[in-house]
Amino acid sequence: MTLEQGQLWKKGDDYIRITQWARLSIEYKLMKDPATKEGTLHHLSKKEFCRFLKGATLVVPPSAADSLIEPESSSAPIGIQDRVEDLH
């Protein structure tokens with residue numbers, strides 16, 4: 001999993017949102033409730049932040065979760081099924 005600005009993570013009872021992603025450091029907001037967006041800003045190196053995130057789970061927004069569901073399709077890759085039908 002790669003870190004990206006705007007990601008929301010849940011660790012225990014806390015939520016962690018990456019607010020600023022830089023080459024060597026991460027600024028994040030530690031919140032109790034992500035809906036209120038109230039919390040405290042913190043700054044860590046990427047290495048420290050990755051250690052801090054250990055055991056946390058990425059919270060996927062409902063709209064993004066819907067896009068992860070793939071539509072039903074044949075088992076053959078696109079284009080292959082057409083060629084198979086042409087041979088019959």
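**View 1. Ile-18 and the residues it touches.** Leaving out anything up to four places away in sequence, Ile-18 touches Leu-3, Glu-4, Gln-5, Gly-6, Gln-7, Trp-9, Ile-26, Glu-27, Tyr-28 and Phe-49. A contact here just means heavy atoms within 4.5 Å. Keep in mind that this is a predicted model, where local features need pLDDT of at least 70 and side-chain atom pairs count only at pLDDT 80 or more, while totals for chains, interfaces and linings use all residues. Numbering starts from 1 along each chain as its sequence is written, and side-chain values use heavy atoms, with hydrogens and water left out.

**View 2. The whole chain, for orientation.** The protein has three helices and five strands, running β-β-β-β-α-β-α-α from the N terminus. These are DSSP runs numbered from the N terminus: helices are H or I with at least four residues, strands are E with at least two. Of its 88 residues, 17% count as buried; buried is under 20% relative accessible area, exposed is over 50%, and partly exposed is in between (1.4 Å probe, protein chains only). Take the contacts between residues at least 6 apart in sequence, and 25% of them join residues at least 24 apart.

**View 3. The largest nonpolar core.** Nine residues make it up: Leu-3, Trp-9, Ile-16, Ile-18, Ile-26, Tyr-28, Phe-49, Leu-53 and Ala-56. The term covers buried Ala, Val, Leu, Ile, Met, Phe, Trp, Tyr and Cys residues joined through side-chain atoms within 4.5 Å.

**View 4. Three rings in one cluster.** Tyr-28, Phe-49 and Phe-52 form a single aromatic cluster, and the whole structure holds three aromatic pairs. Tyr-28 and Phe-49 make a tilted one, 5.3 Å centre to centre with 50 degrees between the planes. That pair links distant parts of the chain, with Tyr-28 in strand β3 and Phe-49 in helix α1, 21 residues apart. Phe-49 also pairs with Phe-52: the centres are 6.3 Å apart and the planes at 45 degrees, so this pair is tilted too. For rings of Phe, Tyr and Trp (its six-membered ring), pairing means centres within 6.5 Å; planes under 30 degrees apart are stacked, over 60 edge-to-face, and the rest tilted.

View 5. Phe-52 lies in helix α1 with Phe-49, three residues apart, or about one turn of the helix. Phe-49 counts as buried because its relative accessibility is 0%, whereas Phe-52, at 25%, is partly exposed. The charged end of Lys-11 sits over the Phe-52 ring, 4.8 Å from its centre (NZ of Lys or CZ of Arg within 6 Å of the ring centre and within 35 degrees of the ring normal).

**View 6. The one salt bridge.** The structure holds one of these, between Lys-32 and Asp-14, with the closest N and O atoms 2.7 Å apart. Lys-32 is in the loop between β3 and β4 (39-45), and Asp-14 is in strand β2, 18 residues apart. The cut-off is a side-chain nitrogen of Lys or Arg within 4 Å of a carboxyl oxygen of Asp or Glu. Lys-32 is exposed, at 60% relative accessibility, while Asp-14 is partly exposed at 22%.

**View 7. Ala-56 in its loop.** Ala-56 is found between α1 and β5 (57-59) and, at 16% relative accessibility, counts as buried. Setting aside neighbours within four places in sequence, Ala-56 contacts Trp-9, Lys-10 and Lys-11.
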